Amino acid sequence: MAVDKTPVLKRCRSLDLDPTYLGYDKKSNRTLTRRNRKLSEYGLQLREKQKAKFIYGVLEKPFRNYYDKADKMKGMTGENLMVLLERRLDNVVFRMGFARTRREARQVVDHKHILVNGKRVNLPSYQVKAGDVIEVKESSKSIQRFKDILEVTGARLTPDWIDVDKEALKGTISALPRREQIDVPVDEMLIVELYSK
């Protein structure tokens, strides 16, 4: 399985992205020395695509598949793309506060700690549906790691479309997310323009 191993803060600097969107609360003191060159239209579109891929931890081929799927759905392609990315199981685990960072959420899912509707799912790309119950499996609830995670993420706000019981390490998808509920700083229209060339 291919995973992007780029240093997070370095990548955040190059994309002008706040590390808090990935779950990191530290900032880099270094600044990028950039030549004051204006980005072309293609450069802007490419940067938005790279931002979305980096935030959600998706490589190029799966990202393209998400775009193709979003294009076939009803409604705006860009909004559909963001909703599909937001519905990934690793992202939902991060949003519920069962992981400190998005990378940790992916690892928690990979290591078979998560149940969806009572069944173990270890695919970070699994698409959750409205009404799905996502919980940490019973044998993992007593692990010190999850107690430490809850201490850090306890104050984190969960989105309106997820109901979470942090004490029981359990949550329900009350509805599918809408674009206005997704707080990711990505201009999805530029991604659509890039792929529709």
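Predicted model: local features only at pLDDT ≥ 70, side-chain atom pairs only at ≥ 80, totals over all residues.
Which helix of the chain has the lowest mean pLDDT, and which the highest? I looked this up before anything else. Helix H1 (residues 8-14) has the lowest, at 79, and helix H3 (residues 60-72) the highest, at 94. Here pLDDT is the predictor's confidence in each residue, from 0 to 100. For the chain, I noted a mean of 86, with 92% of residues reaching 70 or more.

Residues are numbered from 1 along each chain as its sequence is written, and side-chain values use heavy atoms, with hydrogens and water left out. Helices (H or I, at least four residues) and strands (E, at least two) are DSSP runs, numbered from the N terminus.

**The sheet**

I traced an open sheet of 5 strands, ordered S2-S1-S3-S5-S4, with antiparallel pairing; two strands pair if DSSP finds at least two bridges between them. Strand S2 (119-120) and strand S4 (162-165) are the edges, each pairing on one side only. Then I checked S1 (residues 114-116) against S2: they are antiparallel over 2 bridges. Leu115 has Arg120 in S2 as its bridge partner.

**Helix H5**

Is H5 (residues 89-96) buried or exposed? All of it is buried, 8 of the 8 residues, so the helix is largely enclosed by the rest of the structure. Buried means under 20% relative accessible area, exposed over 50%, and partly exposed in between (1.4 Å probe, protein chains only). I was pleased to find Asp90 and Arg95 among the buried residues, along with Phe94. Just after H5, Gly97 takes a positive phi of about 90 degrees.

**The second largest pocket**

Phe94 turned up again here: with Thr20, Gly23, Arg156 and Leu157, it lies nearest the centre of this pocket, which 19 residues line. A pocket, on a 1 Å grid over the protein atoms alone, is an open set of points where a 1.4 Å probe fits, with protein on both sides within 12 Å along at least five of seven lines; lining residues have an atom within 4 Å of a point. H5 and helix H8 (144-153) each supply at least two lining residues.

**The largest nonpolar core**

I counted 26 residues, of which Leu22, Tyr56, Phe63, Leu81 and Leu85 touch the most other members. Such a core is a set of buried Ala, Val, Leu, Ile, Met, Phe, Trp, Tyr and Cys residues joined through side-chain atoms within 4.5 Å. H4 (77-86) is among the elements giving two or more residues, and H4 gives the most, with 5.
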